[in-house]
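Please read the points below with the sequence and the model open beside you, and check each one as you go.

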Amino acid sequence: MTKQVTLSINGITVTVPDGTLVADAAKMAGIDIPVFCHHPKLEPAGMCRMCLVEIGRPMLDRATGQVVMENGLPKIQFMPKLETACTNRVSEGMVVMTTTDKARDGQKSTVELLLTSHPLDCPVCDKGGECPLQNLTMAFGPGQSRFIYDEKQHLQKQVPLGELIWLDRERCIQCARCIRFQDEVAGEAVLGFDERGRTTQIVSLSEPGFDSVFSGNTTDICPVGALTTADFRFGARPWELKAEASICTQCPVGCNTTLNTRREAKAGGDIVVKRVMPRQNEEVNEIWLCDKGRFAYHYAESKKRLSRPMVRKDDKLARASWEAATKLAAESFSKAKKDFVVLASGRLANEDLFNLKSLADHAGGKAIMYSDMGGGDITALVGVGQGTNIGKMGKGDAILVVASDLYQEAPIWWLRVKQAADRGATLIVANPRATKMDRFAKFVIRYAYGDEIKTVNDLSKKGKIADEFAKAKNAIVFYGSEGLGLNGTSGLASACATLLKETDHIGRPNNGLVGVWQRVNDQGAWEVGFRPEPDLEKALKGKSVYIVGADPVGDDPALAKALMGAKFVAVQDILETATTEIADVVLPAQAYTEREGTFTSGERRVQRFYAAVPVLGDAKPDFSITSQVAKQMGVILEGSSVSVVFDILANSLEAFTDLSYEKLAEVHGQWPIVGRGDLYYGGTTYENTQGLGVQLVPAAQAGGTVRIPKVRKEAALRPKEKELLAVPVNKLYDRGVTVNPAQLLEQRIGEATVTLHSSAAKKLGVEAGARARISFDGVSAEVLVKIDDTISAGVALVPRSMGIAIREPVAAKVK
Amino acid sequence: MSLEKTHPKEVKQILSKYPPEHKRSAVMPLLYLAQREEGYVNKAAMQDIAQMLEITETEVASIVGFYTLYHDEKAGKYRMQVCTDLPCALRGADEFMQNLCGNLGIKVGETTPDGVVTLEAVTCLAACDKAPMFQIQGPNGIKYHENMTVDRTMELVETLKKSDRGVK
Amino acid sequence: MTHILLRHRDIPDLNKFEVYKKNGGFAAFKKAVTKMQPTEVTDVVKNSGLRGRGGAGFPTGMKWSFIDNKNWPHYVVANADESEPGTFKDREIMEGNPFQFLEGLALASYAVGATAAYVYLRGEFWELAAFLDEKIAEMEEAGYLGDKLFGTGYSLKIFTHLGAGAYICGEETALLESLEGKRGQPRVRPPFPPSYGLYGKPTIINNVETFTNVPLILANGADWYKSMGTADSAGVKVFSLSGRVRKPGNYELPFGTTFRQLIYEHGGGIQEGRPVKAIMPAGASSSLIVVDDKVLDTPMDYATVRTLGADLGSASVIVLDDTVSLDWVINKTIHFFKHESCGKCTTCREGTFWMRNITDRIHSGNGSQGDVDLLLNVARQMQGKCLCALGEFSTMAVVTGIERFPQDFKKVVKA
Ligand SMILES: Cc1cc2nc3c(=O)[nH]c(=O)nc-3n(C[C@H](O)[C@H](O)[C@H](O)COP(=O)(O)O)c2cc1C
Ligand code: SF4
Ligand code: FES
């Protein structure tokens with residue numbers, strides 16, 4: 001444990017860890033020292049001069065080194081000048097005074113100087129109402145300025161730093177929080193100061209502007225209204241907004257969010273989501289959110305939302321009652337017996353998946369997970385131990401990222417892994433091409449597509465990297481689906497698990513395996529017993545299929561064909577998709593914003609989300625629809641209370657034994673302290689009052705022997721001579737149903753691409769930026785050519801979910 | 001074109017001054033190199049330097065913006081930078097500047113119509129005992145001209161103009 | 001008198017390698033590397049009483065002894081940014097006596113175990129940097145720099161680095177940032193450079209003039225050096241004299257020389273024989289000293305000048321005569337500081353901006369006495385609240401100008 005230091009702040013005795021900054025120590029003691037540039041997640045800067053306080057230290061006798069005593073108390077020597085609480089660290093016996101006349105005068109003077117260059121346009125400012133400058137002015141500022149208002153500088157007020165973030169130059173107080181966040185936390189220094197002195201201004205020269213998937217966070221920590229999001233600016237006033245706790249549904253990290261809602265005339269007086277804000281969970285997302293999570297929520301309010309049940313009549317979908325629609329489906333499913341197939345995806349909540357699995361089991365059907373990534377059974381065995389917190393990993397620990405571009409697939413994991421590396425953790429990145437993670441890695445292993453398993457196996461042999469991994473105090477492996485299909489990823493998971501087991505990195509916190517899933521709740525689907533199917537076409541053909549939360553028809557022509565040949569198709573979803581178009585029955589589900597439930601993150605943390613907006617039309621929550629269908633089939637499933645479903649789930653699944661719905665809502669104190677009352681300290685991020693979730697205990701931690709399924713040798717295809725192998729890669733902003741509707745992201749989503757090695761491109765006679773046609777296995781599409789010379793010449797990278805169906809490596813032609 | 005291609009020797013020599021893991025230190029000398037031909041640093045050059053040093057273009061631009069001897073806009077071929085700071089002003093720098101403006105027919109900050117000389121006022125150049133004085137920032141670096149008179153300055157301007165025509 | 005620093009004034013062509021060598025050059029460095037322990041070198045410098053010539057007058061040997069020996073490598077950096085209005089001594093030293101400066105730098109490097117040293121020159125010293133590069137190359141060729149010097153295990157390289165027009169880069173932590181390829185903005189201190197300097201490594205930074213003293217101190221001993229100057233300020237100082245004097249220039253004189261001697265004996269007195277009105281002993285960053293006979297007879301050393309309500313700083317003595325009005329002077333200095341404020345901290349960034357606005361109004365005759373009071377008030381309000389000394393410096397002339405020369409402001413304000 002770090003040494004503790006005792007000091008006095010405003011007469012209150014405080015004991016804090018050695019090395020704590022005075023401003024933070026005060027915060028811990030409930031004393032607010034005003035700050036602008038200081039942010040507890042950033043390195044001290046001491047630049048805004050807001051936190052001026054008086055600091056005294058016990059006087060030491062020069063000769064003896066002993067504390068000089070006076071009237072039985074240590075004699076305190078005060079510094080002649082005010083000092084910044086944000087840069088001075090506590091020391092034993094220190095005396096801090098934050099409210100003396102002298103300190104107040106210093107604080108007041110800083111506010112005055114800041115305001116004299118500020119436009120004071122609060123009435124039209126997005127930050128108005130949640131603005132640290134506003135708040136601190138009221139609390140610490142002077143009533144009047146002594147300067148001539150007309151001499152104020154007038155600067156540009158609407159400067160797009162990119163299409164997502166806007167800058168108001170007049171409002172900027174040059175605290176550099178945004179620049180420092182991008183540099184220190186995100187590791188992407190795409191914001192900078194131009195010029196100097198009073199003309200200092202924020203600029204971004206990247207292309208596209210402000211090219212970072214973390215950009216939205218800067219608007220949270222900006223202490224004034226200088227940075228605002230294109231999504232929210234001029235959208236609403238903070239005081240109109242309600243806040244509801246939620247979980248981001250965009251990736252397996254499971255970031256805790258707050259949905260800010262209000263009634264809106266535009267929406268016919270309905271309550272709508274106005275913005276997504278981070279909600280603190282230091283073990284998951286801290287106080288950050290990636291831009292996908294922040295801006296892609298719009299799919300829930302898409303015009304294509306389904307609101308009424310429909311059944312096919314005369315080859316057309318027509319409105320039907322719930323009763324009629326579920327009955328029709330139930331009849332077909334019942335008749336199908338073992339030809340009944342549930343195809344569901346990790347977009348659903350645990351309770352939905354649990355009911356679906358129960359239904360399939362009871363009806364003698366099959367529950368198939370809609371996914372081309374395997375290994376979730378293995379992560380249940382050797383997943384990261386309960387108590388894992390990447391934010392606490394550092395020197396002496398190791399993290400291996402293999403076959404995954406975390407920046408694109410799970411940005412907040414990327415951020416936290418990067419910071420663990422900053423703190424000294426050994427980061428090993430093994431990927432067939434260069435990724436943004438490489439820069440922070442101690443070791444970069446570049447293997448050829450197809451060599452994933454061999455690469456991981458090599459890490460359990462001798463060698464510099466292998467040794468460093470083996471001797472690490474703690475080690476986590478992130479494995480993904482870069483260049484791999486179901487087969488390949490299953491094999492890779494097994495290889496990674498074996499490595500972890502052999503090096504004794506399982507069954508403890510901060511040790512184990514994490515799957516970089518493609519959906520928010522893929523891990524949850526595995527936990528309740530869903531399994532992907534290697535030959536999905538075969539599994540669907542001629543069957544009676546219940547498709548929930550998936551669009552196989554839109555995703556893949558081969559699956560479309562298979563479903564055309566299905567006996568019956570019932571589709572349950574929130575949006576109209578290509579699959580609903582061919583459905584016999586369509587069942588409208590509620591979006592995650594309209595209901596509650598739980599998700600299980602890739603780190604196997606089960607977390608609750610809550611309803612924020614009213615239900616659209618007749619839509620129902622998935623678990624409830626399933627229970628209604630089940631009832632018609634004679635199967636009784638809980639369908640009205642999500643908490644009851646959860647508790648049944650917890651009772652029937654080993655890993656969930658100790659969990660209860662209430663327990664998931666528990667919170668405990670977190671550092672830094674953030675929240676509504678002290679916006680100037682941590683930013684506008686929300687305090688977590690509705691649940692930190694609970695991490696599942698992996699089998700390895702629960703005790704007992706862990707048997708890892710064997711690796712299949714031929715896990716993935718390799719490019720052959722004279723043949724181009726198309727391999728799937730994952731892209732953050734894609735055309736997936738949960739992203740595509742966000743118009744703001746259109747430019748970042750871009751078009752479908754194929755990435756080639758320059759020599760391959762040359763041979764094929766295509767060049768960067770040109771268009772080419774790629775074809776394989778019944779798929780043919782026009783794509784934009786990109787060049788990446790870190791890949792081998794035999795492969796062509798095709799991003800998933802960009803309109804080109806690719807589930808696993810496949811021989812292709814590019815013209 | 002990349003500086004590594006156009007000035008391979010200089011780039012190598014510059015990079016050799018700093019520990020390889022701190023090659024970012026080379027940003028300032030590389031900017032001088034990039035500025036040599038055109039008198040200012042364009043976006044392509046900033047991109048080039050950013051790539052070479054593995055920093056972002058924004059970081060390079062932020063350096064260009066901070067220091068007054070880097071320019072991101074084209075001006076006259078020679079920047080005549082007259083010190084008008086306190087010590088020089090105590091020795092007639094302001095009057096000198098005024099006369100110079102008159103003679104050149106331009107105001108401070110402006111460029112002669114032929115694009116040869118841009119007249120600028122700058123802060124102390126560490127030549128306070130030799131005022132009036134100025135420096136000329138041109139394609140070949142920076143040169144001091146001390147204890148100047150307006151006449152001698154105008155002669156110098158003529159020479160610059162002539163040599164400029166000679167170059168063309 | 002013979003010079004110690006401006007020795008080129010006595011010895012022609014001292015900036016030629018052979019000439020410098022013939023006049024005892026490099027002997028101290030060779031002796032130190034081959035015969036002395038690094039700490040012995042530091043001790044000699046400590047005992048000599050040498051204090052930094054960059055402005056703050058910090059004891060040099062003591063600074064060297066602060067180097068953190070648990071963290072390696074170490075660096076030494078010469079501060080050749082010389083940008084304080086009124087300062088022009090380092091330039092003459094480097095042009096005239098470059099080898100002595102470089103030898104001093106080498107000695108410091110040896111004393112603290114640095115194997116690489118940088119000379120950070122202000123960008124305007126473009127030609128001087130090229131000149132120093134030649135001198136460094138000559139030293140390398142002759143075996144005074146490079147690997148395994150004089151057959152010992154000690155190696156040293158010296159590099160020049162050009163700034164690009166930013167006064168703030170004279171502040172040592174801003175200088176380090178700049179040298180690291182960043183915007184030249186001061187760092188939060190502590191930690192100080194001897195524990196956390198260039199690239200986060202222990203670093204010693206000294207002024208050019210400071211280093212230039214070292215070879216002769218090593219050659220002649222600490223006592224020799226201490227025998228010059230005053231008890232408080234040992235040795236000699238190069239005074240940069242500018243302003244209304246007849247013969248401005250650098251004058252190397254022992255500490256303790258009076259203002260009168262500097263201005264009248266060396267500087268040839270005031271132009272047109274006018275009286276001295278005020279003195280700024282430390283360039284634009286100075287407090288203004290109201291001059292009378294007693295002031296003129298004050299010996300110049302760090303402690304005594306302080307009794308006049310000013311600091312000696314880098315000893316850039318700017319002399320103002322009775323034709324100069326103080327509203328004009330502070331208008332000049334504030335324009336300078338407004339232009340040079342790095343913008344990092346609120347106090348200085350906003351303070352200099354507003355002081356500039358107010359002084360412009362006053363100087364143009366549009367100000368009121370209220371504006372003068374406000375200006376004084378803003379300057380006082382800034383004091384003690386800036387991140388680095390630049391902000392503090394910007395207030396010196398304002399506060400002392402207004403307080404000590406109120407009549408100059410009364411004259412220009414609207415009634
Ligand atoms: C704004 C500012 C400008 C400075 N400029 C210079 C300078 O140009 N040259 C210099 O040697 N020291 C300058 N200094 C002082 C340095 O920070 C530092 O104290 C000095 O280089 C230490 O060397 P010394 O101990 O040999 O004096 C400046 C300080 C400040 C605050
Ligand atoms: S006092 Fe001025 S120069 Fe120093 S940090 Fe603050 S703004 Fe920068
Ligand atoms: S200086 Fe302390 S909060 Fe900004």
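1. Helices and strands are taken here from DSSP runs, where a helix is a run of H or I with at least four residues and a strand is a run of E with at least two, each numbered from the N terminus. With that in hand, chain B reads along its sequence as α-α-α-α-α-β-α-α-β-β-β-α, which comes to 8 helices and 4 strands. Chain A, by its own count, has 25 helices and 37 strands.

2. A word on the basis of these values: this is a predicted model, in which local features need pLDDT of at least 70 and side-chain atom pairs count only at pLDDT 80 or more, while totals for chains, interfaces and linings use all residues. Residues are numbered from 1 along each chain as its sequence is written, chains are lettered from A and ligands numbered from 1 in the order in which they are written, and side-chain values use heavy atoms, with hydrogens and water left out.

3. The C-alpha atoms of chain A fill a box of roughly 90 × 65 × 60 Å along the principal axes. The radius of gyration, taken over C-alpha atoms, can be set against a globule rule of 2.2 Å times the number of residues to the power 0.38. For 815 residues a compact globule would have a value near 28 Å, and chain A, with 28 Å, agrees with it. For chain B the corresponding box is roughly 50 × 35 × 25 Å.

4. Burial can be stated for both chains, where buried means under 20% relative accessible area, exposed means over 50%, and partly exposed lies in between (1.4 Å probe, protein chains only). Of the 815 residues in chain A, 64% are buried, and of the 168 residues in chain B, 60% are buried. If contact is understood as heavy atoms within 4.5 Å, then among contacts in chain A with a separation of 6 or more, 73% join residues 24 or more positions apart; for chain B the figure is 57%.

5. How are the domains arranged? Bounds come from an automatic or database domain assignment, which divides chain B into domain 1 (3-66) and domain 2 (78-167), with C-alpha centres 28 Å apart. Chain C is divided into domain 1 (7-226), domain 2 (236-321) and domain 3 (326-410). In chain C, the C-alpha centres of domain 1 and domain 2 lie 27 Å apart, and 19 residues of domain 1 are in contact with 18 residues of domain 2.

6. Two cis peptide bonds deserve a look. One runs from Ala131(B) to Pro132(B), with omega near -5°, and Pro132(B) sits in the loop between β2 (117-122) and β3 (134-138) of chain B. Another runs from Arg189(C) to Pro190(C), also with omega near -5°, and Pro190(C) belongs to the loop between α8 (172-179) and β4 (203-207) of chain C.

7. Finally, which value of phi does Arg604(A) have, and is this residue buried or exposed? Its phi is near 60°, a positive value in a residue other than glycine, and Arg604(A) is buried, with a relative accessible area of 0%, in the loop between β29 (597-600) and β30 (605-609) of chain A. Glu272(C) also has a positive phi, near 55°, without being glycine, but Glu272(C) is exposed, with a relative accessible area of 67%, in the loop between α11 (259-266) and β7 (276-284) of chain C.
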